[in-house]
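Take a moment to look at the structure below.

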Amino acid sequence: MTTMITPTDTTTPPSAVKGRRRYKGIGLGVYAFLALAFLLIPIVYTFVFSFNDAIKNNIAWRGFTLHNWTNVCDAVGICDAFMASIIIGIISTVIATVLGTMIAIALMRYRFRLRSQTSLLLFLPMASPEVVLGAGLAAQFLSLGVNKGFLTIIIAHVMFCISFVVVTVKARVASLDPALEEAGRDLYGSPNAVFWRITFPLLLPGIASAALLSFSLSFDDFIITNFNAGAVTTFPMYIYIAASRGIPAQANVIASAVFILTILVVLVSQITAAARAKRLARQ
């Protein structure tokens with residue numbers, strides 16, 4: 001007499017599946033928290049030591065004080081270096097944003113000779129190491145007899161910022177619906193009116209993003225600036241020079257203030273975008 005052997009049921013119970021998903025979700029959350037905490041350690045260190053009662057260096061904790069925040073310019077040359085970075089960043093951003101926006105629109109909307117070669121050349125500053133770009137520009141200024149200073153720094157910053165502006169604005173131009181501009185032309189709108197009333201408002205978020213990216217790159221740059229600065233000292237160069245003898249606490253104050261201002265700008269933009277989306281949904 002033969003007996004039939006029934007295979008064992010290997011189906012996992014639904015409760016076990018839910019338990020595995022829950023544990024995976026907890027593990028992913030813990031990993032994300034640890035990664036974020038690791039990235040924020042330098043920022044937290046900078047913010048905490050901006051309140052340090054430092055004298056010659058700002059390495060060891062000596063006590064809590066608000067003197068560094070109320071007297072930021074006590075460190076010699078730090079405010080001049082910070083203002084130099086702000087001025088260079090603003091001028092470079094304006095020039096790079098205007099030129100990059102026009103180039104992006106031309107590359108996306110028009111066909112002309114050497115169009116593909118132009119796109120390739122625009123990517124070269126992004127792909128080239130900063131040491132190569134900075135040294136090449138310094139050699140070019142030297143051969144032309146141009147004295148290094150604010151002008152050479154601005155030219156150098158525009159050259160590497162314009163590529164990022166073109167890439168950012170090109171993505172925005174590619175996402176535009178041509179039917180909106182055609183509707184404006186059908187309503188007898190002139191080319192200027194169509195651009196400023198339809199195209200430009202639609203491009204504005206991309207242009208603003210490109211401008212913010214350009215300013216941050218210009219403000220943060222050290223390598224290219226160091227090759228072309230001459231007697232000018234920017235904030236990153238000041239930090240690099242001061243690091244050998246101990247970065248003053250006022251530098252931590254400025255870095256913390258810039259970080260807090262950046263967070264506030266992001267929060268305001270997110271809140272504004274959410275409010276605008278709610279208004280559009282109600283309509």
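Which element gives the most to the lining of the largest cavity? The answer is α3, with three residues. Before going further, note that this is a predicted model, in which local features need pLDDT of at least 70, side-chain atom pairs count only at pLDDT 80 or more, and totals for chains, interfaces and linings use all residues. Residues are numbered from 1 along each chain as its sequence is written, and side-chain values use heavy atoms, with hydrogens and water left out.

Start with the empty space. Rolling a probe the size of a water molecule over the atoms shows where such space is left. On a 1 Å grid over the protein atoms alone, a cavity is a set of points where a 1.4 Å probe fits but cannot get out, and lining residues have an atom within 4 Å of a point. Grid points are joined across faces, edges and corners, and a volume is the space filled by probe spheres set on the points. A search of the whole structure finds two cavities of 30 Å³ or more.

The largest cavity has a volume of about 40 Å³. Its lining consists of S85, I88, G89, H157, S218, F219, D221, T225, T234 and P236. Two elements give two or more residues to this lining: α3 (78–109) and α8 (191–220). Helices here are DSSP runs (H or I, at least four residues), numbered from the N terminus. By class, the lining of the largest cavity has three nonpolar, six polar and one charged residues. Here Ala, Val, Leu, Ile, Met, Phe, Trp, Tyr, Cys and Pro count as nonpolar, Asp, Glu, Lys and Arg as charged, and the others, Gly among them, as polar.

The second largest cavity has a volume of about 30 Å³. Around it sit L107, S119, L122, F123, S163, V166, V167 and K170. The elements that give two or more residues to this lining are α4 (115–127) and α6 (150–174). The largest share, four residues, comes from α6. By class, this lining has five nonpolar, two polar and one charged residues.

Now turn to the packed parts. A nonpolar core is a set of buried Ala, Val, Leu, Ile, Met, Phe, Trp, Tyr and Cys residues joined through side-chain atoms within 4.5 Å. Buried means under 20% relative accessible area, exposed means over 50%, and partly exposed lies in between (1.4 Å probe, protein chains only). The largest nonpolar core has 29 residues, of which A96, V166, V169 and L203 touch the most other members. At least two residues of this core come from each of α3, α5 (130–144), α6 and α8. Helix α6 gives the most, with eleven residues. What does V169 touch, not counting residues up to four places away in sequence? The list is T101, A104, G206, I207 and A210. There is also a second, separate core of nine residues, which includes I78, A81, F235 and Y238.

Next come the rings. Rings of Phe, Tyr and Trp (its six-membered ring) pair if their centres lie within 6.5 Å; planes under 30 degrees apart count as stacked, over 60 as edge-to-face and the rest as tilted. The whole structure holds 14 aromatic pairs. Take F82 and F219: the ring centres are 5.9 Å apart and the planes are at 80°, so the pair is edge-to-face. It links distant parts of the chain, with F82 in helix α3 and F219 in helix α8, 137 residues apart. F219 counts as buried, at 14% relative accessibility. F219 also lines the largest cavity. Elsewhere, ring pairs link F47, F51, F64 and W69 into a cluster.

Finish with two single residues. T199 lies in helix α8. Is T199 buried or exposed? T199 is buried, because its relative accessible area is 5%. Contact means heavy atoms within 4.5 Å. Leaving aside neighbours within four places in sequence, T199 is in contact with L176, E181 and V194.

E130 is found in helix α5. E130 is partly exposed, with a relative accessible area of 35%. Again leaving aside neighbours within four places, E130 is in contact with D221, I223 and I224. E130 and I224 are 94 residues apart along the chain, yet their C-alpha atoms are separated by 6.0 Å.

Methods. 1 Å grid on protein atoms, 1.4 Å probe; cavity = no way out; pocket = protein on both sides within 12 Å on 5 of 7 lines; lining within 4 Å.
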